[in-house]
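Here is a short briefing for a first look at this structure. Keep the sequence and the 3D view at hand while you read.

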Amino acid sequence: MVVFLGVVRDSSDGRSGVRGLSYEAYEEAAVVRLTAVADAARAQWPVVDRLALLHRLGDLELSEASVVVVASSPHRPEAFEAARFCIDTLKETVPIWKREHWEDGSDWAARAHALRPVDQSAVR
């Protein structure tokens, strides 16, 4: 079993002094996209037994968990590969936005990007 846990840290892309984060999402679309990410991972690594992808919303303080990906498989390589695929794809495809808070104010994360669709070509 491989567990990836993303936590709130005190810096982001050259900005130090981050004190917390706020996450917002288009929840209905996020659930659909999270399911699509899991489906794509299962298609690519059919040996993976279980997958869990969860992302928190709302205000989070330093060191609090914001995202978790869990992949279990009979063998390590597939679990690691599936977990990495899931977190990377989640960040690129799921409509969740991050606002950073620091001492002098707050703003949306500097590395915001357009969302891409989940590649469903491997999904049967």
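Start at Y23, which touches H55, R56, L57, G58, L60, S66, I96, W97 and K98, leaving aside residues up to four places away in sequence. The model is predicted.

**Y23 and its setting**
- Y23 sits in strand β4, which covers residues 18-25.
- Is Y23 buried or exposed? Y23 has 10% relative accessibility. Buried means under 20%, so Y23 counts as buried.
- D119 lies 96 residues from Y23 along the chain, and the C-alpha atoms of the two are separated by 24 Å.

- Strand β8 spans residues 96-102 and pairs with β4. The pairing is antiparallel and runs over seven bridges.
- Within this pairing, S22 stands opposite R99 in β8.
- β8 also pairs with strand β9, residues 105-108. Four bridges join them, and they run antiparallel.
- H101 stands opposite S106 in β9.
- How many residues lie between β8 and β9 in their hairpin? There are two.

**The three-stranded sheet**
- An open sheet is formed by three strands in the order β1-β7-β5, with antiparallel pairing.
- β1 (2-7) and β5 are at the edges, and each has a single partner strand, so one side of each has no neighbour in the sheet.
- On average, neighbouring strands of this sheet are turned by 10° against each other, direction ignored.
- β7 covers residues 65-72 and is joined to β5 by six bridges.
- H55, one of the residues that Y23 touches, has V67 in β7 as its bridge partner.

**Helix α1**
- Helix α1 takes in residues 27-44, which makes 18 residues.
- The buried residues of α1 include A30, L34, A36, V37 and A38. A40, A41 and A43 are buried as well.
- An α-helix has 3.6 residues a turn, so residues three or four places apart point the same way.
- Among the elements that cover the buried residues of α1 are β5 (50-55) and α2 (76-93).

**Helix α2**
- Which strands does α2 lie across? They are β1, β5 and β7.
- α2 runs at about 145° to β7.

Technical notes. Residues are numbered from 1 along each chain as its sequence is written. This is a predicted model: local features need pLDDT of at least 70, side-chain atom pairs count only at pLDDT 80 or more; totals for chains, interfaces and linings use all residues. Side-chain values use heavy atoms; hydrogens and water are left out. Buried means under 20% relative accessible area, exposed over 50%, partly exposed in between (1.4 Å probe, protein chains only). Contact means heavy atoms within 4.5 Å. The expected span of a helix is 1.5 Å times one less than its number of residues. Two strands pair if DSSP finds at least two bridges between them. Axes are lines fitted to C-alpha atoms, for helices over the stretch in contact, and angles run from 0 to 180 degrees between N-to-C directions.
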